[in-house]
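Visitor: I would like to go through this protein and ask what stands behind the words used for it.
Guide: Then let us look at it together.

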Amino acid sequence: MDSGSLYSSIIQVVINTHTHTHTHTHTHFLQRLSHTGSRGTGAYPVTQGVRPEGEGTHPGRGASPSQGTPLVLNGLQLVKEALVEHGENFAVRPTVPLSEDIMLNKGLFGSNGYQWKQQRRFALSTLRNFGLGKRSLESQIQVECRFLNDVIDKSQGQPFEPISVVNNAVANIISCLVFGDRFDYSDSYFQTLLKLINELLYLEGGIWAQVKHLVLLKLKFSEEFTLKIKEHKEDWDASTPRDYIDSFLSEMEKWKDDAEAGFNEDNLCFCTLDLFTAGTETTSTTLNWALLYMIKYPEIQEKVQAEIDQVLGSSRLATMADRANMPYTDAVIHEIQRMGNIVPLNLVRLTTKDTTLRGYTIPKGTMVMATLHSVLFDETEWETPFTFNPGHFLDAEGKFRRRDAFLPFSAGKRVCLGEQLARMELFLFFTSLLQRFTFSPPPGVEPTLESKVGVTHSPKPYKLCAVPR
Ligand code: HEM
């Protein structure tokens, strides 16, 4: 939620490892950068506030990045150098004035320091306890795959927009982890929650409208989550935690003498909200890209289906153990994530120390955007950066090949907390959808890869037909 406002911040300082040539679907996003920035995305190694090593700053030469103007880092080498090699210096998020009063140091995205460390550690270990890497979560996702496929089946091969039904299925996986159970897609509590999240992610209007809206939404979310927390407390048994909320309640007992760690009910609401917003929008947008690429490139869809038929047959749902035997499907999913590029600008970080990068000193307190777009399309890393090409992830023998520049989840200390969960969901949902249906554009429609930039970079609404196989 903070990220939306951060993405649209003004950009004035750019460090590139190289210049890019940008084409087709991605130009709009770059235009956005160059419109907002006084200097566009060209290779300007040094501008305001960033000084070559050994030189002083230049007072009076315009605003320094530390006063709110982000420094943009482009290209795999530079992004890795900053986020991984100097990881400790880039581990903090800036506070956003708009949301400062409401969510200062709360949740998982926006918190910092000791509280963030404790909350991130707890969230990761709880996600692990409730399924990551375990059969239990795998089977919950399989259950959801069946529900999703059944709803799609009802379309009877007629055109429909896939986004909301996919979104319901993905949100239910977070529901299982946080609330301990899935919801029926028509459940009114579930739909209220999803509607609120959508409103939050797509806040519109002027700045005051946003502040007012944010306060109201915060109150509504607190109400909704407080309800669930109350239910949990009624039959809570510390010895058998059922989900994230139960585990958080235990943690509140454990940390009651250490308020700084943030284990209180207010923060539980914010962490829950962050898990829902981060865990739903991102994964369902990626699946939405996946279906769009499959209708755009039917020959690739056919090859995935051939591999599914060979490894799984027509009825056994995939497990994560199957992934190793399905290199083509795995490569296609990676390529969807690369081209989908759903968090192009990454989330913003703040330097905690003066840091030297490529001979330039970045002062402490500088906002930094280590852009993922520049890595996923880095022309020095990818053979055909702007073409959908699963071959990027396959070797000469057709085996899966890892790539350093595959960083859709970012890198370093604040790397996506849900990476493992997202990868599991993408593999299991994608294989089950293509096992059960062949997707195609509505008759007479030529699919386009047009996108829109909101909180994530996502396809413009489109329709498809799903014909049972
Ligand atoms: C395809 C799916 C996903 C993508 C592409 C994605 C991408 C990202 C990116 C780029 C960041 C910013 C990292 C940085 O600052 O360097 C991030 C942060 C985060 N993601 Fe994800 N994400 C995905 C799914 C998920 C899921 C399923 C969850 C929920 C469990 C999740 C939870 C988070 C959280 C809590 C953070 C903040 C971490 C922190 O600040 O310490 N993400 N994600």
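Visitor: Where does Cys416 lie?
Guide: Cys416 is in the loop between α14 (373–376) and α15. Helices (H or I, at least four residues) and strands (E, at least two) are DSSP runs, numbered from the N terminus. The model is a predicted one, in which local features need pLDDT of at least 70, side-chain atom pairs count only at pLDDT 80 or more, and totals for chains, interfaces and linings use all residues. Residue numbers start from 1 along each chain as its sequence is written.

Visitor: Why is Cys416 called partly exposed?
Guide: A residue is buried if 20 or more other C-beta atoms lie within 10 Å of its own, exposed if 12 or fewer, and partly exposed in between; C-beta atoms are placed from the backbone. Cys416 has 17 C-beta neighbours inside 10 Å, so it counts as partly exposed.

Visitor: What does Cys416 touch, not counting residues up to four places away in sequence?
Guide: Cys416 touches Phe409 and Ser410 on that count. Contact means that the C-beta atoms of two residues, placed from the backbone, lie within 7 Å.

Visitor: What does UniProt list for Cys416?
Guide: The unreviewed UniProt entry lists Cys416 under "binding site". Such annotations may be inferred rather than shown by experiment; the positions are given in the numbering used here, and feature names are shortened.

Visitor: Which residues are closest to the ligand?
Guide: The closest are Ala278, Gly279, Ser410, Cys416 and Gly418, out of 25 residues that surround the ligand. To be near a molecule or strand, a residue needs its C-beta atom, placed from the backbone, within 6 Å of it. The largest share, seven residues, comes from α11.

Visitor: What makes up the largest nonpolar core?
Guide: A nonpolar core is a set of buried Ala, Val, Leu, Ile, Met, Phe, Trp, Tyr and Cys residues joined through C-beta atoms within 7 Å. The largest one here has 100 residues, and those with the most contacts inside it are Leu73, Ala82, Val368 and Phe430. With 16 residues, α11 gives the most to this core. Leaving aside neighbours within four places in sequence, Val368 is in contact with residues including Leu71, Leu73 and Ala82.

Visitor: How do you know that β3 and strand β7 (residues 367–370) pair?
Guide: Two strands pair if DSSP finds at least two bridges between them. β3 and β7 have three bridges, in the parallel sense, so by the definition they pair. The bridge partner of Leu71 in β7 is Val368.

Visitor: Which residues of strand β3 (residues 71–74) are buried?
Guide: Leu71 and Leu73 on one side and Val72 and Asn74 on the other are all buried, which leaves both faces covered.

Visitor: Why does Trp236 count as partly exposed?
Guide: Trp236 has 15 other C-beta atoms within 10 Å, so it is partly exposed. Trp236 lies in the loop between α9 (207–234) and α10 (244–254).
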